[in-house]
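Dear colleague,

I am passing on a structure for you to look through, and below it I have written down what was found. Please keep it open beside you as you read.

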Amino acid sequence: MTAPDPHSAPPSLLHAWLAALAAVARDKGVLLLLIGAPVLYGFFYPWFYADEVLTHVPVAVVDLDHTSLSRQITRFADADPRIAVRLVTGSEREAQEALWRGEIEGYAVIPAGLKRNVVRGESAVVSIEANGAYALLNKAVQFGFAEAVGTASAAVEIRKLQAGGQSAPQARASRAPVQLQAVALFNPTEGYGSFVVPAVALLILQQTLLMGAALLAGTWVEAGQHRASATTWLGRLLALCTLGWASGLFYFGWIFVLHDYPRGGNPLGALALLACYVPAVAAMGSLLGLWFGNRERALQVLLWTTLPIAFVAGFSWPVEALPQPLQWLRWLLPSTSGVQASLRLNQLGAPLLAALPYLCALVALCAACTVAVLAKARPVNAAAR
């Protein structure tokens, strides 16, 4: 395929837009990345988090006390929805071996003399060991045993107060004079899927569009079609944005509703975010494709970047724990501003003003990448002049 004649009349924006969409339709790899992958990810990625909250995690109880209090703690643990007691033993070694074999995810050690210490008013400690390799399982085990031990401790305190002459209602009021009721404002189910999927959706949109745009730009370089007028490249970027906007509306308007994730806090703000986010990603992907100059190389380089980008986005890993250079460099990625703005506008219902700095960062990033694309891909005769 030969390069276009630089002396021919430049195509209109509409013609360039339609030609770019036709190029996407003809390229199976780009079509899969820009249309197939977002749809597949949208349906199958949230499926892994459908349960939202872990329940009935298998655990063991190491009972070294063998008293009514230790048996009560075991019953409370087995009644807790987070955990399920699968083994009660008097040997901590046996519980450790069960944990190493994967039969349980943690265990509690009820020490000898627990009830005696409680009756005497002395401090008593129930130690909990959990599988720290899996954060969610570890959390379920810790919380489940903590609730069981806390319930047993409350029952002991109430009995002591009743023995001092108080009635049962008075004892309960004395034990907890201020009632605490925790209500999750922006994640009512307190589920992991409701936390992670809305943020990861922005990463999915970025990575699929970034790789698709780089792949397509690399193809144009290989075919000698990358040097074109500004109108042609603006039409190409607009075509990429069209597909990216469709994917974004698919996630915000359908996937979040289908899986009942927190959404709709500021619909107009979410549309404004997509209007700024998608062009920034499309322009950056095109620039990377021009830079690599090869469709396979673009895909090879960008495939491994998803996980590092997720860590620096600021939702799964505390930003303060990142090295200082990464805290600066992460703002060169559209996902950094996009995820933060999306959580504020789509989940928290914040006003547009609260996300304005992030939107401005996306607009600046889009403008810089677009100018770089137009400069790098300008026609040869324009470059010679």
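Let us begin with Val-30, which counts as buried because its relative accessible area is 0%, while the cut-off for that word is under 20%. Please bear in mind throughout that this is a predicted model.

Val-30 is found in helix α2, and, if we leave aside its neighbours within four places in sequence, it is in contact with Val-24, Gly-212, Leu-215 and Leu-216. Between Val-30 and Ala-341 there are 28 Å in space, C-alpha to C-alpha, and the two are 311 residues apart in sequence.

Helix α2 also holds Leu-40, which is described as partly exposed because its relative accessible area of 46% falls between the limits of 20% and 50%. Leu-40 belongs to a nonpolar patch on the surface, together with Leu-31, Ile-35, Val-39, Phe-43, Phe-44, Trp-254 and Leu-258, and these residues have about 720 Å² of accessible area together. The elements that give two or more residues to this patch are α2 (28-44) and α9 (230-258), with the largest share, 6 residues, coming from α2.

Finally, please look at Thr-208 in helix α8, which covers residues 192-222. Thr-208 is buried, with a relative accessible area of 6%, and, not counting residues up to four places away in sequence, it touches Leu-33, Leu-34, Ala-37 and Pro-38. A polar atom of the Thr-208 side chain also lies 2.7 Å from the backbone oxygen of Ile-204.

With best wishes

Key. Residues numbered from 1 in each chain as written. Predicted model: local features only at pLDDT ≥ 70, side-chain atom pairs only at ≥ 80, totals over all residues. Heavy atoms only, no water. Patch = residues over 30% accessible without salt bridge, like charges linked within 9 Å, V, L, I, M, F, W, Y side chains within 5 Å. Areas by Shrake-Rupley, 256 points an atom, 1.4 Å probe, with all protein chains shown as cover. Salt bridge = Lys/Arg side-chain N within 4 Å of Asp/Glu carboxyl O. Helix = DSSP H or I, 4+ residues; strand = E, 2+ residues; numbered from the N terminus. Buried < 20%, exposed > 50% of the residue type's maximum accessible area, 1.4 Å probe, protein only. Contact = heavy atoms within 4.5 Å. Polar contact = N/O pair within 3.5 Å; in protein donor to acceptor, adjacent residues only side chain to side chain.
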